[in-house]
Structures are given as structure tokens and as C-alpha cells.
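Please look at the sequence and the model as I put them up.

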Amino acid sequence: MPFWKTEMTDIKSLTIEELKNEIKALSLPSFRADQIYKWLHKEGVTSFDEMTDLSKALRTQLSEKFDISKCLIEEKYVSIIDGTVKYLYKLNDGEYIESVIMKYKYGYTICVSTQVGCKMGCKFCASTLAGFKRNLLSGEIESQLHSAQRDLGIRISHIVLMGIGEPLDNYDNVIRFIRTVNNENALNISMRDITLSTCGLVDKIYDLMKEELPITLTISLHAPNDEIRNRTMPINKKFGVDEIIKACKDYYSKTSRRVSFEYTLIKDVNDTEQCALELAKKLKGFNCHINLIPVNDVEERGNVRSSEKAINNFCEILKSKGINATIRRTLGKDINASCGQLRRKKQGSEIF
């Protein structure tokens with residue numbers, strides 16, 4: 001059921017099988033479902049009037065029964081440093097989410113949101129500050145791609161589920177989204193070009209394993225032990241570091257897909273030589289990759305970015321112990337490209 005005030009079903013969040021059943025219930029020929037599906041998922045239309053090969057009567061009939069989820073561009077920022085684009089989108093119900101477009105040698109990557117807000121409460125993240133409101137429908141997650149492609153005149157080839165929200169906390173809609181964008185009659189994006197980032201919901205990692213999707217799993221680890229991680233990531237009190245690493249090893253054994261770990265470096269919190277050595281010991285012999293990320297400046301959090309010397313030293317220690325590690329290049333620094341900050345400011349301005 002949609003979250004906005006109309007009681008109509010979001011047609012963009014239906015699978016092709018569900019759409020065919022809806023079309024059949026309207027006593028329409030089955031090929032209409034294929035036409036509508038392509039309009040929604042390949043062309044990314046935002047209204048039934050854009051479906052020009054359907055009769056006006058049919059378009060009216062559909063508009064009376066269904067809604068189409070969409071992301072309207074509320075604000076847009078373009079980095080003068082590297083061309084990174086950040087969008088603040090307004091949803092059908094008036095809520096706000098964000099996404100970021102990054103250009104690489106291989107093409108364009110989008111970082112999408114999966115929830116309006118986040119429940120996880122990580123101490124270095126802006127996404128949770130404005131509070132959790134609801135899960136996104138699969139059509140709303142997808143609409144972030146369509147809106148950006150239309151605005152920029154580009155084709156997005158890679159997806160990172162790392163924006164506002166915890167993807168595995170919105171499990172069903174996220175899996176539906178991944179399967180939809182992979183469909184050849186939709187955006188036809190390879191699952192191998194999709195990365196899902198989670199703070200470590202272990203039970204859901206095992207569920208994801210059973211889906212047998214050849215996507216890349218990334219874990220927001222950010223600490224080598226429970227003492228540090230408990231202070232920065234409340235979810236760790238439910239799923240500890242060792243339990244998460246075991247789940248990742250099981251995931252790799254089942255899928256043969258290398259797992260990545262995100263590690264945000266915070267001065268005097270988790271950036272010491274001792275932390276690096278402890279992390280290397282726990283991951284010894286595991287075919288994984290560690291992405292080292294200098295912490296973002298979030299006004300309310302008070303975290304301080306590690307020095308360049310500490311960042312480089314941390315990375316070199318990992319490498320010396322046989323761990324594959326790199327320092328992530330910061331993109332869109334001049335536009336606050338990390339997710340959650342625009343939504344928080346927008347909500348604050350409307351409240352006051």
C-alpha cells in the first residue's frame with residue numbers, strides 16, 4: 001500500500017507478474033502490461049499521459065486506479081571540483097530524500113536512498129539526524145535513477161545503495177528494486193554493477209545470501225572491536241563485529257562474491273595503529289577489500305577527520321598484513337555530497 005494520501009496502488013512498484021494480473025482484472029489484453037512496464041521502467045515516465053501508444057480512454061482508466069511514484073527535483077548541486085551532482089528529491093507525499101551522481105572512467109554511478117531517514121543512529125552519519133519516517137517503495141528507489149538520467153541526459157550504469165537509510169531494513173522493497181532494474185525491459189543494469197551497503201544486519205545478510213543475486217555486498221564496519229563500535233554504531237549491540245565478519249565469510253563461501261568493508265576514520269577514535277593491527281588480524285586470510293573513508297564533517301556530530309599521516313599509516317599497516325585496502329577519493333566535497341545533510345536542512349527550514 002502506498003504511503004501517500006491517495007489510496008491508489010503505486011503501479012511502478014508492481015512486478016511484471018503483478019502488473020499482468022492487474023491488467024487481466026481490467027479485462028485488457030496481456031500485451032498492454034508489457035507496454036506499460038516498458039514505459040514505467042525503461043522510459044521512466046511520470047504520468048500516464050506520456051504513454052503515447054495507449055488510447056486516451058485507457059490512460060484515463062489507469063490514472064483513476066493507479067499512481068506513479070516519482071522523485072521531483074527540489075534542489076540540485078553540482079561540484080565545481082569534480083562534477084559530482086547531488087539531488088534533493090521531493091516525493092509524492094511531500095517527504096524528501098537524496099541521491100548523488102558520480103562520474104568515473106567506466107561511466108556514471110548513482111548512490112540512492114532506500115528509506116526516508118534512518119533508524120540505525122550511527123554517530124558519524126547525517127541521515128539519522130532528521131529522524132526516520134518510512135521505507136521507500138521499490139518504484140521510489142528506481143525513480144531516483146530516472147529523474148537523474150532525464151535531468152542530465154545520461155545513462156547510469158552502476159548503482160550503490162548507500163544513501164539515506166539502511167537497505168536491509170527495507171528488505172522486500174530493495175530486493176524488488178534490484179530485480180526490476182536488472183530486467184531487460186527496464187534499465188537492464190547488470191547485478192554485478194550493483195552494490196548494497198549495510199551496517200551489518202546479520203539475519204538479513206543470510207536472507208540476502210539465499211536470493212543468489214550476484215551483487216556486491218559492502219559492510220559499514222568502522223571499528224575493529226565491539227567496544228569502539230558500540231560507541232559509534234548502536235546496531236552493534238545486536239550484531240557484534242565477530243558475528244558480522246562470520247556472516248560475511250559465509251556469504252563469500254556461498255556466493256563467491258568478494259565482500260567489501262567500509263571503515264570511516266575518526267581522529268583518536270578508530271584510527272590508531274592498534275586498531276589497524278586488530279582489524280588486520282580479524283580479517284587475515286579472508287578475500288575481502290577495505291575502503292578507508294575520512295570522516296565527513298557533520299556539524300552536530302563533532303567528529304574530527306583523521307590526519308593524512310594517520311590515514312596513510314592505517315592503510316599501509318593493513319597492506320603490510322596482506323589486507324587489500326584503499327583510501328576512498330572524496331567526491332563532491334564542496335556540495336556536501338554525503339547523504340542526509342540536505343534533507344535535514346530542508347526539514348529544518350520548513351519547521352521554523
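Let me begin with a definition: a crossing of two helices is called left-handed if the near helix is turned anticlockwise from the far one by less than a right angle, and right-handed if clockwise. What you see is a predicted model, in which local features need pLDDT of at least 70 and side-chain atom pairs count only at pLDDT 80 or more, while totals for chains, interfaces and linings use all residues. Residues are numbered from 1 along each chain as its sequence is written, and side-chain values use heavy atoms, with hydrogens and water left out. Helices (H or I, at least four residues) and strands (E, at least two) are DSSP runs, numbered from the N terminus.

Let us take the helix pairs. H1, residues 16-25, passes H2, residues 31-43, in a right-handed crossing. Their axes, lines fitted to C-alpha atoms over the stretch in contact, with angles from 0 to 180 degrees between N-to-C directions, are 9 Å apart and at an angle of about 130°. H1 and H2 are therefore oblique to each other, given that angles under 35 degrees count as roughly parallel, over 145 as roughly antiparallel, 65 to 115 as roughly perpendicular and the rest as oblique. Ile-16, Leu-19, Lys-20 and Ile-23 of H1 meet residues of H2 that include Ile-36 and Tyr-37, where contact means heavy atoms within 4.5 Å.

The second pair is H5, residues 171-182, and H6, residues 202-211, whose axes come within 12 Å and cross at roughly 30°. H5 and H6 are therefore roughly parallel to each other, and their crossing is right-handed. On the H5 side the contact is made by Tyr-171, Ile-175 and Arg-179, and on the H6 side by Lys-204, Asp-207, Leu-208 and Glu-211.

Which helix holds Thr-180? Thr-180 has its place in H5, and at 7% relative accessibility this residue counts as buried, that is, under 20% relative accessible area, as against exposed at over 50% and partly exposed in between (1.4 Å probe, protein chains only). Leaving aside residues up to four places away in sequence, Thr-180 touches Tyr-37, His-41, Glu-142 and Ala-186; Tyr-37 also belongs to the H2 side of the contact with H1.

Finally, Thr-216 lies in strand E11, residues 216-220, and is likewise buried, with a relative accessible area of 17%.
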